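Please look through the sequence and the model shown here before reading on.

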Amino acid sequence: MTDPAQKPLGRRAFLKIAGAVGVAAGCSPKAATQKVIPFLVPPDDIVPGTPLYYRTVCRECPAGCGVTARTREGRVVKLEGNPEDPIGGGALCARGQAGLQALYAPDRFQGPLRRGPEGRLSALGWDEAEDLLAKALMAAREKGPGSIRVLTRPEPGSAGAFQRAFLRALGGRAEDRVVLDPLDAAPLRAAGEALFDQPEIPVHELSRARSIVAFGAEFLEAWLSPVEHARQLAEGRGRVGPDRTRLTWVGPRLSLTGYSADVWLRARAGGELAVALGLLRWLVDPRNAVQDLAPEARALNSRLAALDPSELSRRAGLPWERIERLGRELSLRRPSALLGPGVSSQGPDATQLAAVLRLVDLALGNLGQTVFYGLDPMEDPPSPFGQVESLLADMAAGRVEVLLVHHADPAGSLPAALRAGEALGRVPLVVSFGSRPDETTRRAHLVLPDHHALESWGDVSPRLGVVNLCQPAMTPLADTRAAGQVLLELAGKLPLPAAHFPWPDFYEYTQTRAETYAMVALGKFPDLMAVQREALQRGGYWSYRLPPRSEMPALVRGAAEGFLSVPPPAPAEGGDLDLVVFPGVLRGGGGSGLPWLEEVPDAVSSLSWIPWAELSPATARRLGVATGDRVSVATSAGRVELRAYVYPGLRDDAVAVPLGGPEALAALPLVRDAHSGSLAFRSARAVVARIGRGGSLPILEGSPYQHGREIVPTVSAAAPSVRRPDLSHRMYREPAHPEHRWGMAIDLDRCTGCQACVVACFAENNVPVMGPEAASQGRYMGWIRIERFLGDEPGGELEVNLLPMLCQQCTNAPCEPVCPVYATYHTAEGLNAQVYNRCVGTRYCSNNCPYKVRTFNWRDAQFPRPLNMQLNPDVTVRSKGVMEKCTFCVQRIRYAENQARDEARPVRDGEIVPACAQTCPARAIAFGDLADPDSRVSRLSRERRGFMALEDLNTRPAITYLARVREKEEP
Amino acid sequence: MSLSFERLQATVQAAHGRPGRGYWLLLALAASLAAWGGWAYSLVVRNGLYVTGLERPGCWGNLITDFVFWVGIAHSGTLISAILFLFRAKFRTAVYRVAEMMTVFAVMTAGLYPIFHLGRPWFAYWLFPYPNERGIWVNFRSPLIWDVFAISTYFIVSTVFLLVGVAPDAAALRDRAAGWRRRLYGILAFGWRGTDEQWRHYTRAYLFFAAFATPLVVSVHSVVSWDFAVSVLPGWHSTLFPPYFVAGAILSGVAMVIVILVPLRRWLHLEEIITPRHLDMLSRLVLLTSLIVTYSYATEILTALGEPASDPERSTFVYRMTGDYAPLFWLMVACNCVGPSLLLAGKVRRSVKALFTISLLVNVGMWLERFNIVVTSLAHDRDPFSWRTYTPSWVEWAMTFGAFGWFFFWFLVGLKVLPPVSIAEMKEELAHEAHASGEAAHAG
């Protein structure tokens, strides 16, 4: 018998060596860092391939909508609205959808940073940073009150409360903490205080209104709570007939909100007040015999009768009949809602405008019907603008030693004329809790990056009776720390007994507050833990109800009279055009720099990536300017260069510039609202001059006119049906759909063009962002675009129609027969499937698509780290050279079908919700099975308002559009 | 008798002499042009079609224009050699070899462009129906698949036709050549010995191939036109396209033959073989096809203008004539309609210079015609919101001009290798002429 050890290489030895080599390979440093799933011992609730949802809250604007964060394998891949939340109601706007990209922004600070003597930021440890700050705070404290200041965004919840507690412990005064919201609707608060002794922002319930008049209030874009407003307007638009909500837009520029309007009163910039006064005058004029008018309002007649209609009509820039007609409409159609001022109408008379509109509300009995006081939680309202200015003055004067900046960007979001950047430069220690570079962190000495909202604990109460809870949906990506936690730790390091708080960490602090919420929402409850857990699962504590009419405040005696005079005309010097500054639905009031929001074209101009200056065709002709030219816009504050966009939805005496970048802020002179002292965005006059040609423009639209092709028909309320071609003749056999025929119905009467669907589609389907160069070359990749038609022919009547254009999933799809390799084909469920890895890229499908909804990957898409972590694992990332398009979110269809099969039941109607339909604030998109005659989408498709895009081509799309109802004249 | 058999053979063979400096210069120019195009194409492969000017809706541009243009050029060869052979049009004899060479090289050029313009050219073989384990077949409903068949069939048939015609000539040259040429002609001669039986087989085969190739002349460009005509795009969707495209192809092909022949007969001293009569006949062909093309333009435009203003078809044609690309449209009309109509005058036809210029411009015009069809229709589709103008990038221009480099490179090589005039048929014709004149003298 031979010794086994002497065998050259036996079976066992071989296996041992092979095993050892395998283990060694597995232990190599590379393998150690590349985990397929980043859990050695997976948590019980994370199953690879199965999504996990967390309820939290959106912090992209002060509205405070509830959010459902969809996570996969421990990272958030999609945000959706929380259907239980009373504010957002399950929808999310474009900015909310894009909040995810702030989480994964490649330029996020990776940890605390300190500015060295050479002016560059360099990393340091948290302990070191906190020690440093603690020392500086103690030193500053010696210098007396006011040397430590906090500048913060509104934090209506734990974060704000803790900031106040911290400052108190340091011995600071309440006014040392300044809450900054550049777009704060302070005039509304001031008007409420003056008229009703309620310094509140009123809450609107627009679904009850039969008529809405928006005086420059961009209530579907950026004003107060746009998602909520869009939902409420859509409810009113769902009532086709005499009760359908009628919307009038008053202002010099037809904004995206104005696109939903039935009537546009082209008041000149600043003429909104004159319209409002004229309206009130007409209503209370006894000769007009308006019924059911509030007696307080009737009492104002003596003052109002003194106003000269011709003077008002001249100020408004409108004939008096238009104002009369509006008055007649509002006197008959009750209740109504009057909204304003918005940013574009927030001038030196903003509070007066707000007050007059409230008086009209009062006169017509809208208070307690559509407009409500008593719902503002008064939790951390923005500071009066005077306080912001005095803080900046103190900073500039060197009276501030330490400035803690919490998610506010004074240098990048306030008019340049305020010189906030310079003031910051005078502060010895600027501490920023910001998570991404902006104009303020560029000047900060210490950056202590906060968690993103999706990584932190907190709570937001945007309204009385609504507390939306914020909970981490994933582990923090970088070495960041919650700002509240930093303050708590900092307090512990201070030699002040008052600063030694009882809470071990910030989470415990939020829990303490949550307990009080739970008490308020539910009364005493035996098991608070269970209540809190349930609240976290649902997303918040809600005891929201609209107060009854009887709880509405009464008019303060003599308060109204001060608001009833025509203000002196604005000085005419400074230029021949009124400067109109407006916020956008994508960029809000400040440029976010988030790729999706930059990439998605503005719904009005269809421009992306750049700011622009709008001029009316007549003005453009007078100045010799064409779309794309470079123009200078000069005001008393400064001169900026922009690309021109010729837009018929603007008065001839105005030039319009979007907020959301340094350009508009540089051109804004420092003017304040006379009553509230808040910033007046509307007051400047401007001179526009052509500089030269501008090269290619990142613009999406080809021609915004329908050229007689009746692409988007409209109907009247009296005869709400569309003339459709007779397509009953069949020459060829059409594809059969034995089980399902997925289809969609899009109600154009509800669609506001808010672009939420577009951004949601980017997020859900890994649609790549190609950048400004690609945008100017026509290589935009979005699967949905909002087509905006301005009328029939250039120079003709302005009639805006929106058409969300996405793959129509045609039955007789022109794209299918022309593909040589069957990369696109018709599935048994009616989808035009696109097989990416079969596509060779002939692009014939795109040529033959009459809707031009297919996009081609001209180059490989780029998802710079860590933006790639957002990619939806259920959807392929396409490579260069292949065609792609809307799939009706086929991954969601398959998920629901598999779910149904597992549970041995048919797919339920409404179970499948594509990303666009899910996020639509107006609920304009319905999805379902057309093969089921009882499904919601089938019922909608049979409506008389239904039509299909380019229907006479007989492509037989799966998408039915419901025509918009257009009523130019009041019924 | 103007030309002896010896003179004929010597003249043709002289073309195969040691190349001069001019030849090398031209060859180097052609090669570097082709290399430039190749370099540009490598950018497309590396970076994707991002480097082109293509966009949505203009998903096709220069490269497809080049494809259709070169398929068109490829047409005259078969027309001249096959159809005119069947019609016993004698004037073809002197010119058909050049035309056939042109055909083969033009198809070789044209065939590249559909591959070049693919998003993923490395999968171009998926367009061929080959058995595979995945059981995936090509889509026979797609005109692009018809294209694959049409072009590959045409390439095979025209190559075979060229080689069959070359066989007797190659044999004649083989007998006088030495070295590699002798071996090459030995292969190309397919063992030709000039026996009666071989001549009988040859003439049968030639007739058969001519008959086989004739329908291809009509079918290939009809199929190419279906790339456009079967779509739903205004400006493409037209039943007129097949005859219109065939006429256009012949127009451009014959014009190209003239453009090549005129300098060639000078440089190779073929004036005695390719006489003004031959050129006159070719110019009549240009005139005829130009009139057909002009008629097609008029038909298309007038039909479209008969529609109401809101009609997309009408809008597309109005756009072609007045929109962003209008200068190109009117240049096309000048080149393809006005220019050739001058050939109505015999004086113009007989002026070699005028004929050359007109033919050159016809080629420019025919390229523009394809550009107009491809680009303006895409730029002005049914949905006005997606209208957009396309401008080719330098990469596409490099590839467009690279095609000429590639084509002329092969053509120049071919000139030095293949007999530019069919010796055998010329001899046959000369013999017939001699016989006829001898008989006439006899009778006289």
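## Helices and strands in the two chains

Helices, of at least four residues, and strands, of at least two, are runs assigned by DSSP and numbered from the N terminus. The model described with these terms is a predicted one. Counted in this way, chain B has 16 helices and zero strands, whereas chain A has 30 helices and 37 strands.

## Chain A as a whole

Chain A has 971 residues, and because a compact globule of that length would have a radius of gyration near 30 Å, the value of 30 Å found for chain A agrees with that expectation. Along its principal axes, the C-alpha trace of this chain spans about 125 × 90 × 65 Å.

Of the 971 residues in chain A, 57% are buried. When the contacts in chain A with a separation of 6 or more are considered, 73% of them are made by residues 24 or more positions apart.

## Chain B as a whole

Chain B has 444 residues, a number for which a compact globule would have a radius of gyration near 22 Å, and the 23 Å of chain B therefore agrees with the rule. The C-alpha trace of chain B spans about 80 × 55 × 45 Å along its principal axes.

Buried residues account for 50% of the 444 residues in chain B. Among the contacts in chain B with a separation of 6 or more, 81% come from residues 24 or more positions apart.

## Where the chains touch

Strands of a sheet pair through backbone hydrogen bonds, either parallel or antiparallel. In chain A, four strands form an open sheet in the order β34-β27-β36-β35, and the pairing is mixed. Because β34 (925–929) and β35 (946–947) of chain A stand at the edges with a single partner strand each, one side of each is left without a neighbour in the sheet.

The partner relation between β34(A) and strand β27 (residues 742–747) of chain A is antiparallel and extends over five bridges. Within this pairing, Gly743(A) has Gly928(A) of β34(A) as its bridge partner, and Ala745(A) has Ala926(A), also in β34(A), as its own.

## A sheet of three strands

Chain A also holds an open sheet of three strands, in the order β1-β2-β3, where the pairing is antiparallel. Its edge strands are β1 (52–57) and β3 (75–81) of chain A, each of which pairs on one side only. From one strand to the next, the twist in this sheet averages 30 degrees.

Strand β2 (residues 66–72) of chain A runs antiparallel to β1(A), and six bridges join these two strands. One residue pair to find in the model is Arg55(A) with its bridge partner Thr68(A), the latter lying in β2(A).

Key: Residues are numbered from 1 along each chain as its sequence is written. Chains are lettered from A and ligands numbered from 1 in the order in which they are written. This is a predicted model: local features need pLDDT of at least 70, side-chain atom pairs count only at pLDDT 80 or more; totals for chains, interfaces and linings use all residues. The radius of gyration is taken over C-alpha atoms; the globule rule is 2.2 Å times the number of residues to the power 0.38. A residue is buried if 20 or more other C-beta atoms lie within 10 Å of its own, exposed if 12 or fewer, and partly exposed in between; C-beta atoms are placed from the backbone. Two residues are in contact if their C-beta atoms, placed from the backbone, lie within 7 Å. Two strands pair if DSSP finds at least two bridges between them. Axes are lines fitted to C-alpha atoms, for helices over the stretch in contact, and angles run from 0 to 180 degrees between N-to-C directions.
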